[in-house]
Amino acid sequence: MNKIIINNHAKSSLRQREIYRTLRTNIEFTGVENRVIAVTSCMPNDGKSTVAYQLACAFAESDKKVLLIDADLRKSVMVSRLKLSGQQKGLSHFLSGQADVGDVLYSTNQKNLYMMPSGVLPVNPTELLGNERFHKLLKAVKESFQYVIVDTPPLGSVIDAAVAAQKCDGAILVLSANETSRNLARNVVDQLEAARVKILGAVLNKVNVKQNGQYGRYYGAYYGHYGKGEETAARETGAQN
């Protein structure tokens, strides 16, 4: 198997790790059948790619063999954000028939974490994600990995996420605090439900726990011993996309 190097794996704070461990545990309790998880958001910069990566890391740290698939074939940020080196081909090459699974599946320098980069951004991402090769890919990797995290485009901008999530066991919706409107979130949920996607839950991202009333007081007290003056995991990592 080919290998890629993650050169920008920022060390998470205790608070961040605890948050993503909680998210991991919540997903595990949705049922053992939910192992291929799509991560989407309403709009760009909601933090979905950061959530997808950190969630994959949380599963990997619990001794689970995890594959992170970058299925954002419109505006992928994984390669630049993580400063990946060593990749040659990715998901788009496989979906277009230019590569086999073994050519686009990579081990990484993080224990238990494997990745499938997006590859060259195509002109027809919706068609590629909707074709039978994507369905067969997810079915195949589910036999080799305990969890598969699929980073998809924002559903508020394009339909790709719903198309991809249809092939997954469930989806997580990332919402940006004080930025995502209730109506937009409702519309995205309606789109997922119309596509018969199982919604496993939502992640409220970029929350300032010191400025959000009871919610902030609860988490501020709960995580207070991890370091005063810190904010949420998303804000600490500058989560985007």
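This is a predicted model: local features need pLDDT of at least 70, side-chain atom pairs count only at pLDDT 80 or more; totals for chains, interfaces and linings use all residues.
Mentor: Two residues are said to be in contact when they have heavy atoms within 4.5 Å. Among contacts in the protein chain between residues at least 6 apart in sequence, 83% join residues at least 24 apart.

Trainee: What makes up the secondary structure of the protein chain?

Mentor: The chain has 11 helices and 10 strands. These are DSSP runs numbered from the N terminus, where a helix is H or I of at least four residues and a strand is E of at least two.

Trainee: Why is A52 called buried?

Mentor: Buried means under 20% relative accessible area, exposed means over 50%, and partly exposed lies in between, with a 1.4 Å probe and protein chains only. The relative accessible area of A52 is 0%, therefore A52 is buried. A52 belongs to helix α2. Not counting residues up to four places away in sequence, A52 touches V39, L68, M78, I149 and D151. Of the 241 residues of the protein chain, 50% count as buried.

Trainee: What makes a set of residues a nonpolar core, and which residues have the most contacts inside the largest?

Mentor: Such a core consists of buried Ala, Val, Leu, Ile, Met, Phe, Trp, Tyr and Cys residues joined through side-chain atoms within 4.5 Å. The largest has 40 residues, and those with the most contacts inside it are L67, I69, L91, L129, F134 and V150. Helix α8 (residues 160–165) gives the most to this core, with 5 residues. Leaving aside neighbours within four places in sequence, L67 is in contact with L105, Y114, M115, M116, V141, F145, Y147, V148 and I149. A second, separate core of 29 residues includes I4, L55, A56 and C57.

Trainee: Are C57 and C168 buried or exposed?

Mentor: C57 has 5% relative accessibility, so C57 counts as buried. C168, at 12%, therefore counts as buried.

Trainee: How many disulfides does a search of the whole structure find?

Mentor: The search finds 0 disulfides. The criterion is a pair of cysteine sulfur atoms within 2.5 Å.

Trainee: Why do N45 and D63 fall where they do in terms of accessibility?

Mentor: The relative accessibility of N45 is 35%, so N45 counts as partly exposed. D63 reaches 55%, therefore D63 counts as exposed.

Trainee: What makes the second largest pocket a pocket, and how many residues line it?

Mentor: On a 1 Å grid over the protein atoms alone, a pocket is an open set of points with protein on both sides within 12 Å along at least five of seven lines, and lining residues have an atom within 4 Å of a point. The second largest pocket is lined by 10 residues, of which N8, T50, Q54, R81 and L82 lie nearest its centre. Two or more lining residues come from each of α2 and α3 (78–82), and α2 gives the most, with 4 residues. The volume of this pocket is about 190 Å³, a volume being the space filled by probe spheres set on the points, which are joined across faces, edges and corners.

Trainee: Why is V79 called partly exposed?

Mentor: V79 has 28% relative accessibility, so V79 counts as partly exposed. V79 is found in helix α3 and touches L84 and Q87, not counting residues up to four places away in sequence.

Methods:
Residues are numbered from 1 along each chain as its sequence is written. Side-chain values use heavy atoms; hydrogens and water are left out. On a 1 Å grid over the protein atoms alone, a cavity is a set of points where a 1.4 Å probe fits but cannot get out, and a pocket is an open set with protein on both sides within 12 Å along at least five of seven lines; lining residues have an atom within 4 Å of a point.
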